[in-house]
Structure formats: structure tokens, C-alpha cells
Amino acid sequence: MSSSNEQRSHAESLFNLCKQTHPDSLALKLVQSLNSSSNLELRAMSAVLLRKQLTRTGDDDDSAFIYPRIAESTRLTLKSVLITSLQQESTKSIAKKVCDTISELASAILPENGWPELLPFMFQCVVAADNPNLQEYALLIFSRLAQYIGETLIPYLSTLHSVFSQSLRNSTSADVRITALGAAINFIQCLSKASDRDIFQDLLPLMMQTLTEALNSGQEATAQEALELLIELAGTEPRFLRRQIVEIVGSMLQIAEAESLEEGTRHLAVEFVITLAEARERAPGMIRKLPQFITKLFSVLMNMLLDIEDDPAWHSAENEDEDAGETSNYGFGQECLDRLAISLGGNTIVPVASEVFSGFFAASEWQKHHAALIALAQIAEGCSKVMIKNLEQVVSMVLNSFQHPHPRVRWAAINAIGQLSTDLGPVLQTKYHQSVLPALVGAMDDFQNPRVQAHAASAVLNFSENCTPEILTPYLDGVISKLLVLLQNGKQMVQEGALTALASVADSSQELFQKYYDAVMPYLKAILVNANDKANRMLRAKSMECISLVGMAVGKEKFMDDAKQAWARLCKCLGKDFLPYMGVVMPPLLQSAQLKPDVIISSADSDADIDDEDDSIETITLGDKRIGIKTSVLEEKATACNMLCCYADELKEGFFPWIDQVAPILVPLLKFYFHEEVRKAAVSGMPELLRSAKLAVEKGESQGRNESYIKHLSDYIIPALLEALHKISGPILDESQVRGIVEETKHAVIASSTRRSEREERARAEDFDAEESEILKEENEQEEEVFDQIGDLLGTLIKTFKTSFLPMFDELSSYITPMLGNDRTAEERRIAICIFDDVAEHCREAALKYYDTFVPFLLEACNDENVDIRQAAVYGIGVCAEFGGSVFRPLVGEALSKLDVVIAHPNAQQSENAMAYDNAVSALGKICQFHRDSIDAGRIVPAWLNCLPIKGDTVEAKIVHDQLCSMVERSDPDLLGPNHQYLPKIVAVFAEVLCAGSTLATEQTVSRMINILRQLQQTLSPSVLASTWSSLQPQQQLALQSILSS
């Protein structure tokens, strides 16, 4: 407590030494000071220090928790004196600190029955009507214990219900009632079973009574505390409120409408209803079933938007504060309209809004017009699908207000158009450009109202971001000439708006902007040179951004000279504060990093096309092709990628805002085989991006993202990195790194399973409706993407590490096999099958031990109604036939039966089934090749031949047609048949394959087929040859004659 740092540091050292060497003495001294010192500050400090020593942190190193290290006699004294101190303490703030200390210790030792005296004491205190302070303290401890060890208190459910009921119903103390409310809510939240929570249903009216009594007696601080507790309940256990939802929401809206109450109280009542609406995952659709309350809530929020003053500061535009005149009521109303629309959706909100808006637009007060336009902009995001269906009415409503006499209404109309351009684009741009853009250009002429001018320029930005060059072109002359006029305006906010709009128009119109370049660039350079003081820092940054985007639009040749001047000026302005200018530096880098290689391809023996003397072209030879690549493009690309890595490395968490743009550029470049430097830069960037994300999340600079974002990013990067490493140089990761990936995969599967259970529970909720069904559908699709990534990741690991990965596959199998169940989605089942297919294919004999587990699922899945599952399953049967040997032999008969169902199906060769059909034919061929002695070869082999050629899966086609070649070359008797009766079919298959070029067979297979046909020409009798040839289609005969004669 000393003001001297030196004294405090010395005292802390002594305290820590005492804690380590004499914990009993320390505990007894602290509890003695707490109980008997006359110094208030010393008692308070003793309670705090004691709590810290009696708090179990849960860490591996729990050395701060001294309770296990003190003697039993000390423990007994400690517990006894704490209870005595609570009874005797006359200062409420200190007594509450004692409650905290008791709660911490009890949470550590009560579960092992380490404090049997405590609960009887607390129950005794709660019923002590003559001592409201003790009642409050006991309830406060119950509230804390519910948070810490709620499940331990479940045996006392009925007693606690009675305690809470009595305290809420009978106590004359507002403090006791509010503490009882908090304790009851905490306890309800800690109960995992709905049946346990239902025991407390009858407390809800008493909970609400606590709120209304506080309001009726003018105790708004207590009422606000009650509202905050009820909001917490609404967010975590909304279903608990369902049976009395009408009464509760009705009461909340009455509070929200009561203008005699404080703003804070009314806002909390609204927050309660909005929180319920947002609790979709726990109570989907519950609020949507109360349309009368939605209408009332919407009206309350609209009235909040009327709380705006016509502040002279808004009109003077001397500063950039667009909120001048706006109250906290107004801001809260805006935020809640946005949240309400997003949570309830357009089908619910738009009909209510339309009715309210028509009344507001018909009114004479400018505030109502302004409110309607602001509200329209706020609900656009959540209602976009429905508003797009009524777009003509919406746009007309807004554009009519461009002519309103009050400038704040005109500003709100422009604001609405800007927001609608973002939320309803590009449909709005495509259908209504002819009315919107001229209106915005006209608004830039409002020289009496600079804010309106500046906002019109900003809306041009919103509009053009979702606009094609073809739409913009007819308007460019008018838009750009107006923006150049605004650039010369004396108001900085107008100049900034014009710069931002110019940048966006240049970016959207691209090369069409060239004709305006010479007129625009001098203005931009002048601003860059003259805006050199701190007040103009934002103006300077926007001019830099505009210069860079104009430069990218018109191209390097046009921009080069000006660029040197602009970036030279930029470098002088940067200093250490580099981050604010990343918005300028990054766009050209991102564009350069995405450059496509300029490639010329010719035959290896040709002297044409590629000039070997040209130093700007690098040539490489691949097979019979020679590839020429413009080195200047590759060097620019490599430089840009290296700069991106450099920025990520230097700026660390500061680079976070750019990760979402940079990762999709660099990850594909891991396999950019044209240039090693580009690949190296991409590889180097991967850990930097992950580190930047991790640091940003840890330091709270991640724009609201959490650990799940890091997980999502690593799920994107690691599989791609693995695949690239495998393709470039074989396995590089060591065992510990792979194990780390496997552990993360387990966590991902568990988390997905948890999310699936939550979605299933939401679908069973009694409030579930069509809108929630659409949301669930989107979430299920996102979940399938997660499983796709898991499948790709494990597939890459299996292909890379082969049998050495199997010990880890053993660990994963308990996570994978449940995915094969019929209760899982088709995508999960397909991925589980694909994972086994990879194991069987790449681990061969070592994978045989898994056949008993997985092959029965494969056989069943061969005839699944989902075509993707069928394809994966029949492919796996082919793999098992090839590598399964004697283990697969007993299953051959069943496999043939399953494959026959796929192949013989009437719709087997329709486009949607073609891949499954081709893989089934390939699997049948492998059974013919590797298990000939287990089948009726004279029947099965010709049946397989009759399925050829296959054309849908070109990878399998090349394998199957190569197999056919090999069988013909060795004169397979089952294939040729008695007296070579199947030869015409073989020649017909060859003809179809050869006519398809290199699509259905490798060059080597094509060459072998031609050689076989030439041998047949020489060895077959003229009559047999003629008979064989006559079975072909006329165009096939001509094609073969051409091929064989060449």
C-alpha cells in the first residue's frame, strides 16, 4: 500500500518468500488481519491477497494455490474465520471481497466435500430475514459457485429453487432481490439438462417482478442491472423463456416505449429483444412467431432515429464529423435495425418496414424522411434477397428524396443509394444505372452543402465497385468532369470524397480511363505535393491511393514517368509510419503478383516462333515441346511476391488486414513451375501469413476474428503446402510436424461433429421455420467444405508418406469410420471412402489389415443413390481387386454382383452417372486381370469388353484401354473368344479410341493399338479382315484407313 515503488517491490519479495516457505503462517496472518484489523484498507487488501492464494488457476504450475500445502489445522481455522468474518464485516465492499474469497476456495474444495459446513451456513443465511446483508452475501456466493462448479450443486436443486423463490418473492431489500436474480440466472445457465432447467420455470414471473418493482420505485440503476442479467439469459438460454415469451417481450417493449425512463434503461430493454432475435442457433424462429411485437419494435427503433438535431456544425462542414446532431438514441436505433434485419431476414422485416416507411415518407417533418432513408440503408444487408425482388419500388423511393428541400434528407438519400449499391449490387447497377448515376452527378452540384457533395462522390465509389466497364462508359465524361471540379473545392472532405471516387471509377473502367489520364493526373500530383502538413495526412494518403489505382488502370507504359515522381514523394512521406500507406503500396503489388506468364510454345525441333538470341525470353524443353517465357513478366511477379513476404515479415500483426487477399494469391504459386523464385517466395510467405494471423488474434488486432480464423487459414495453407512439397521434392515434414497435423485434424472432426449436433437440435426446435432451414442449408454446405479439406489433407499425407503414415492413420480411424454411417451426409461418407481408397492404393500389402473394416462399407456403397459415393466406392473396389490378393478373393463374387448393378442400370451412361459407370468398368477389368481364376472368365471378360470404350473419366479410360491393349498383345483367349469372334468388337473399340486422339489413351497406347491393327492386316485372311472391317461405322473405316496408311 506504500506509494514507494522500492518499498512495494521489497514487500512483494518478502510476501512471495513467505508464501513459498511459510504458507501456514501467511494464511493465518492474512485471515487474522481480515477478521480483526480496524484499518479498512488493510482488511480489504487482506481479503484480496487471501483470494489470490486460494484461487486454483487450473494450470500445470498451480504454485499460487497454497491450500494443498497448509496443515489441516490451518485449513480448519481458515474456513472458520472466513465464515465468521463474513458474519461480522460491517463494510459492504469488504464483505463482498470476502464472498469472492469464499467462492474461490469453495470452488476448489467443495466438489471433494472439503468444506461440509459451508452450504448449511449459506442456506441458513438466505432464510435469515432479519439480516438482508447476509442473505445477499449467501446469494452472491451461490451465484459465483454456479459459474464455477454448478454441476456440484445439482443435488440441491429443489432447495435452491425454494431459496431463490423466497428471496425474489418476499425480500424487502432490492439488493437481495437483484442478487437472487443473478444467482438464479447463473444457475439456470449452468444446467445442461432441459428438465433440470424447467424446475425453475415458475421463477420467471418473479424475475420480471424484480425488474418492474425496481422501475416502479424509481430505482433505474437496479432495473438496468436486472435487464443486463436477463439479456445474458436471453443470449445463452432463450428456450427457457419460450413459455412466457409473449408476456416478457411485451413488458420489454413497454419499457422501450416509456419516454419517462432513462435512455440506458430503454436501450437495455430493446437489447433484450434483439438478443432473443439473434439467438438463432439456440431458438430458431422464436421471435418471428411474434409479428405484433416485431412491428412494435421496428416502430420503437424508427422513433429513435427521429432523435436528431439540425446541428449548424453539420451544415458548416468545417470538420469531418458526419454525426453532428446525432444522439445516442439515434446511433443505437441504427445499430439495432441492422442487427434485427440480419437476424430475422427480409421475409419478416420488409413487410413491416414498407408499412412504416410509407407513413414516414408521407409526413411533413424532414426528420421522418431522413429516418426512413437511414433505416432503409440499415436493413438492406439483412433483407437483400427480398429487396432485390422489389427493387424498382425501393430505388424510386430513394431517388425521389434527392430533390427534398432539406440537405440532411438529400444526404440520407445519397447514403441509402451508396449502401444499396453495395448490398443489392450488381443487380441495382445493371437495372438502374440510367437513373442512379445521373442523380449522383447532379448531387455533386450542391455547392451550398459540401457534405452532400462529398457524400455523392462517395456513393459513386459504392456504385462503381459493383459495376462493369460497359455500364460505366456512357457516364464517364460527366462523372469525371464533376469529380475534377470537386478536387478544386476548398473543403478537404469534398476533395477526399472526389479522390476516393476517382480511384474507384478508374479501377472499374480500367483501360477506358486512358482518355482521361492527362486531365486527371496533374490534379492528383498537385495534391500530393501540396498536402504536406499533419492536417492533410488523410488527403495525401487518398491521393496516393488514387494515383496507384489510376496507374494500374491505364498500364505501366502510360504511368511510368508519373509513377517515379509519385513513389519518390511517397517514400519521403513514409518515415516509420508505414502502415497507413499500405493501402497505396499493396494494390500494384497484388496486381503484379497475379501476372500470368507470357508463354510461347513450339515443337522442340522447330526454329520458328522463339528467338534464341532474345535475352528477354527464357526457353525450356519438355518432351517434344519447347516453351519460351518472357522473363520480364516472371521477374516482376517474383519481385512482387518477395515484397509481399517482406511486408508480412516486417509488419507482423500489422499485415493482418491483407491476409485474405494475399493468401489466395500465394498459395496457388506454391506449384508455379515456371519460375523457382516465385515458388520460393510463396513457400516463404506461408509461415509469415500464419504468424501474422496468430499475433493479430493474440494482441486483439484481428478485426473481431478469433482462433477459428487461424484454424481456417491453416486448413487452407497446410494441405497446399504439403502437396507442393510432395510434388517438388518428396516428403519433407518430419514426424512431429505430421503428428501435429493429425492432432489438428482430430480436433477439426470433433468440432464439426459438435456443430452438426447443434444444427440437428436447432432443426428440431418448435420455432424452426423456412428461413432457418435456408440458413442451416448454407451452414451444412460450409461444413462439407471443411470435410473436403480434411479429405484432401489426409489424402496428401497418405500419398506422400505411404506406409509410414499408417500408425497415425490407426489413430484417425476411430474418427473416420463413423463418417461411413448412414446418419452422416453424403459428402462425409464419400470422403471417408476416398481416404480408405488412398490407403489401399498407396499402402498396398500393409493396408490389407483394414479390409475387414472398410470393404463391407465399399460394397454397400457401390449401389448408393448418391452418384459421388458410388464412384468412390467402385473405384475402391478396383483398387482392392488390384492389391488385395487373397484377402479380396472371397469377396470377388459379391463385388461382381455390386458392379453389375452399376454397369447394367438403364441410366448408367447418362452424363451424371458416367464417372461412376467408368470406374465400375475399370474395377471389373481389374477383377478380370487379377482374379481370373475366381470368375467365369468366358462370360465376364467379354461382358467387360462390351462396356468399352469408356469416355467420361479420361484418367480411368487411359488405364482401361492400356489394359485392353496388353490383353490383345498376349492373345488373351477369353478376350478374343472362340474363333476370334470378339475381334470385331476389339477393332471397333480401337477405332473409337484412336478417333478421339489423345483423350482416351496415352500416346504410347495409341502407338500400340496402331501396331496391333497393322499386324492384323498382315495376319488375318482377307475374308476375316473384310468381315471385321465391315462391322465399323463408315467414318471409323475412313479414319482407320487414314491412320494405318500414314
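Helices here are DSSP runs of H or I with at least four residues, strands are runs of E with at least two, and both are numbered from the N terminus.

## Overview

The protein chain has 51 helices and three strands. This is a predicted model, in which local features need pLDDT of at least 70, side-chain atom pairs count only at pLDDT 80 or more, and totals for chains, interfaces and linings use all residues. Residues are numbered from 1 along each chain as its sequence is written, and side-chain values use heavy atoms, with hydrogens and water left out.

How much of the chain is buried? Of the 1046 residues, 52% are buried. Buried means under 20% relative accessible area, exposed means over 50%, and partly exposed lies in between, with a 1.4 Å probe and protein chains only. Contact means heavy atoms within 4.5 Å. Among contacts with a separation of 6 or more, 70% are between residues 24 or more positions apart.

Helix 6 spans residues 118-126. It is mostly covered, with seven of its nine residues buried. They are Leu118, Leu119, Phe121, Met122, Phe123, Cys125 and Val126. What covers these buried residues of helix 6? The cover includes helix 4 (72-88), helix 5 (92-109), helix 7 (132-149) and helix 8 (157-170).

Helix 40 covers residues 851-861. Its buried residues are Tyr851, Phe854, Val855, Leu858, Leu859 and Ala861. Seen down the axis of helix 40, they fall within an arc of 165°, so they line one face of the helix. The arc is that of the directions from the helix axis to the C-beta atoms. An α-helix has 3.6 residues a turn, so residues three or four places apart point the same way. The cover over the buried residues of helix 40 includes helix 38 (806-816), helix 39 (826-843), helix 41 (867-883), helix 42 (885-888) and helix 43 (892-904).

## Two helix pairs

Two packed helices are described by the angle between their axes and the distance between the axes. Axes are lines fitted to C-alpha atoms, for helices over the stretch in contact, and angles run from 0 to 180 degrees between N-to-C directions. Angles under 35 degrees count as roughly parallel, over 145 as roughly antiparallel, 65 to 115 as roughly perpendicular and the rest as oblique. A crossing is left-handed if the near helix is turned anticlockwise from the far one by less than a right angle, and right-handed if clockwise. For residue classes, Ala, Val, Leu, Ile, Met, Phe, Trp, Tyr, Cys and Pro are nonpolar, Asp, Glu, Lys and Arg are charged, and the others, Gly among them, are polar.

Take helix 11 (residues 204-216) and helix 13 (residues 245-257). Their axes come within 11 Å and cross at roughly 10°. That makes helix 11 roughly parallel to helix 13. The crossing of helix 11 and helix 13 is left-handed. Leu204, Met208, Leu211 and Leu215 of helix 11 meet Ile248, Ser251, Met252 and Ile255 of helix 13. By class, this contact of helix 11 with helix 13 has seven nonpolar residues, one polar and no charged.

Now helix 15 (residues 291-305) and helix 18 (residues 346-362). Their axes come within 10 Å and cross at roughly 45°. Helix 15 and helix 18 are therefore oblique to each other. The crossing of helix 15 and helix 18 is right-handed. Helix 15 brings Ile294, Thr295, Phe298, Ser299, Met302 and Asn303 to the contact. Helix 18 brings Thr348, Ile349, Val352, Ala353, Val356, Phe357 and Phe360. Nine residues in the contact of helix 15 with helix 18 are nonpolar, four are polar and none is charged.

## Two single residues

Thr275 sits in helix 14 (residues 263-278). Thr275 is buried, with a relative accessible area of 11%. Not counting residues up to four places away in sequence, Thr275 touches Ile231, Ala234, Gly235 and Arg339.

Leu721 belongs to helix 35 (residues 707-729). Leu721 touches Leu670 and Met686, again not counting residues up to four places away in sequence.

## Backbone exceptions

Most residues other than glycine have a negative phi, and most peptide bonds are trans. A cis peptide bond joins Gly425 and Pro426, with omega about 0°. Pro426 is in the loop between helix 22 (407-423) and helix 23 (427-443). The peptide bond from Leu948 to Pro949 is also cis.

Ser971, not a glycine, has a positive phi of about 50°. Ser971 is partly exposed, at 46% relative accessible area. Asn979 also has a positive phi, near 55°. Asn979 counts as exposed, at 79% relative accessibility.
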